[in-house]
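Let's take a walk through this protein together, one region at a time. Please have the sequence and the structure side by side as you read.

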Amino acid sequence: MYLPRLRGRQFEISAIRSCAQSFAARGRVVPIIELVKSPDDLLARRLDSISDQGLSCGLVLNPSVGEMKGSTGWQALGTFLLDRNLLDSHGLVVLSNGSADHGAMARWIGRARKKRTFTLDVFHEPDMSISLSGNTYRDLRWNIAEDRTVPSSYGLPLGSRPVIWSSD
């Protein structure tokens, strides 16, 4: 399994789009896209094109860089993803870092899942928030960690959810 974490810049989205059919056929690549600019209709069309080729990406709800970074940026991004029906074909990824408001995001995700069915992953960054507990998010597909010590160092009860180790 390969989970490349990419910024949602034009050329990276285009690269994913050009490889989408091949990635989908193999079933071993799930790009994680962290948007750095405010989303627009062009981005939505490109993501639709990727899903039309059979590839599902993980879309980061709370980017750690760029225009959407911050305490309110994730809400606008989440609303965009829901309004454009992008979560019908792509999953959602929550970055667990020191600035994440996990309580608010978990409540938002709960409301969103009443409207849409989508996969949810948590990407544990090395400086992750110690306020995250194993039951903050429901029905996770994967826990993704950059460092093998991250989940255990914070005492997270990750339950039976698989942990995917991510390294560059």
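R28 is exposed, with a relative accessible area of 58%; here exposed means over 50%, buried under 20% and partly exposed in between, using a 1.4 Å probe and protein chains only. This is a predicted model, in which local features need pLDDT of at least 70 and side-chain atom pairs count only at pLDDT 80 or more, while totals for chains, interfaces and linings use all residues. Residues are numbered from 1 along each chain as its sequence is written, and side-chain values use heavy atoms, with hydrogens and water left out.

You will find R28 in the loop between helix 1 (10-26) and strand 2 (32-34). Helices (H or I, at least four residues) and strands (E, at least two) are DSSP runs, numbered from the N terminus. Leaving aside residues up to four places away in sequence, R28 touches M1, Y2 and F23, where contact means heavy atoms within 4.5 Å. The C-alpha atoms of R28 and L3 are 8.4 Å apart, although 25 residues separate them along the chain.

Now turn to helix 4, which covers residues 102-115. Its 14 residues reach 20 Å from the first C-alpha to the last, close to the 20 Å expected at 1.5 Å a residue; the expected span is 1.5 Å times one less than the number of residues. Buried in this helix are H102, A104, M105, A106, W108, I109 and A112. Those buried residues pack against helix 3 (73-83), strand 4 (91-96) and strand 5 (120-124).

What about aromatic pairs? Rings of Phe, Tyr and Trp (its six-membered ring) pair if their centres lie within 6.5 Å, and planes under 30 degrees apart count as stacked, over 60 as edge-to-face and the rest as tilted. By this rule there is one aromatic pair. W74 and W108 form it edge-to-face, at 6.3 Å centre to centre with 85° between the planes. The pair links distant parts of the chain, with W74 in helix 3 and W108 in helix 4, 34 residues apart. Both W74 and W108 are buried.

Of its 35 residues, L92, I109 and Y137 touch the most other members. Helix 4 gives the most to this core, with six residues. Apart from it lies another core, of 10 residues, including L3, V60, V93 and L95.

Key: Core = buried A, V, L, I, M, F, W, Y, C linked by side-chain atoms within 4.5 Å.
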